[in-house]
Amino acid sequence: MLFRSGLMTFANGTMEPGFDLFAEISGLDQRIKRANLVITGEGKIDEQTYMGKGVGQVGQLCMTLGVPCISLAGMNRARSPKKPLFALIAAMEEIANLTDAQKRPRLYLRKLARRCASQVRESRLGLKFNR
C-alpha cells in the first residue's frame, strides 16, 4: 500500500476500477448500444459475478442500456439474484460432465452455443430485437 501511495503521488495518478477504465477506452457502452444481443462468457457464474466481476459488469451495463445479454459459462452457481443481469445463463455442466468438457472444450462450447441460439430463435427467452 505504501508503494502504491508513493507511486500515485510521484506520478500524479489516480486509482480507477479496471472495468471502468476498460469500458471507457474501448467505447464499450457505444458498442453495446449498437448491438441487438451481447454474449459473454465466464468459467463460473457465482455470487462474485454480481459483485463486480467483469462479466457481471457487462451484464449490468447491458441491462442499463436495455440490450439483452446471454452468458455462456462452465458452471452456474449463482443463487437467484434480486436483479437478473442475464437473459440466459447457459452452463456447460448442463450438457457435459466436467471431465468431458475439459477434454473437448471446443465441441461442447459449440453445442452450448447452438442450444442458446435455438432458444433465442424459438423466442423462449422473450427477447425482443426491434432495432
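These legends describe close-up views of a predicted model. Local features need pLDDT of at least 70, side-chain atom pairs count only at pLDDT 80 or more, and totals for chains, interfaces and linings use all residues. Residues are numbered from 1 along each chain as its sequence is written, and side-chain values use heavy atoms, with hydrogens and water left out.

**View 1. Strands β1 and β2 pair in the parallel sense.** Residues 38–45 form β1 and residues 69–76 form β2, joined over 7 bridges. Pairing requires at least two DSSP bridges between the strands. Helices (H or I, at least four residues) and strands (E, at least two) are DSSP runs, numbered from the N terminus. Ile 39 stands opposite Ile 70 in β2.

**View 2. β1, helix α4 and β2 make a β-α-β unit.** The unit is right-handed, with α4 spanning residues 54–65. Right-handed means that, with the strands pointing away from the viewer, the path from the first strand over the helix to the second runs clockwise.

**View 3. Ala 23 sits in helix α2 (residues 18–26).** Its relative accessible area is 14%, so Ala 23 is buried (under 20% relative accessible area, 1.4 Å probe, protein chains only). Leu 61 is 38 residues away in sequence, yet 9.7 Å away in space, C-alpha to C-alpha.

**View 4. The largest nonpolar core has 17 residues.** Such a core is a set of buried Ala, Val, Leu, Ile, Met, Phe, Trp, Tyr and Cys residues joined through side-chain atoms within 4.5 Å. Those with the most contacts inside it include Leu 28, Val 58 and Phe 86. The largest share, 4 residues, comes from α4.

Methods
Buried < 20%, exposed > 50% of the residue type's maximum accessible area, 1.4 Å probe, protein only.
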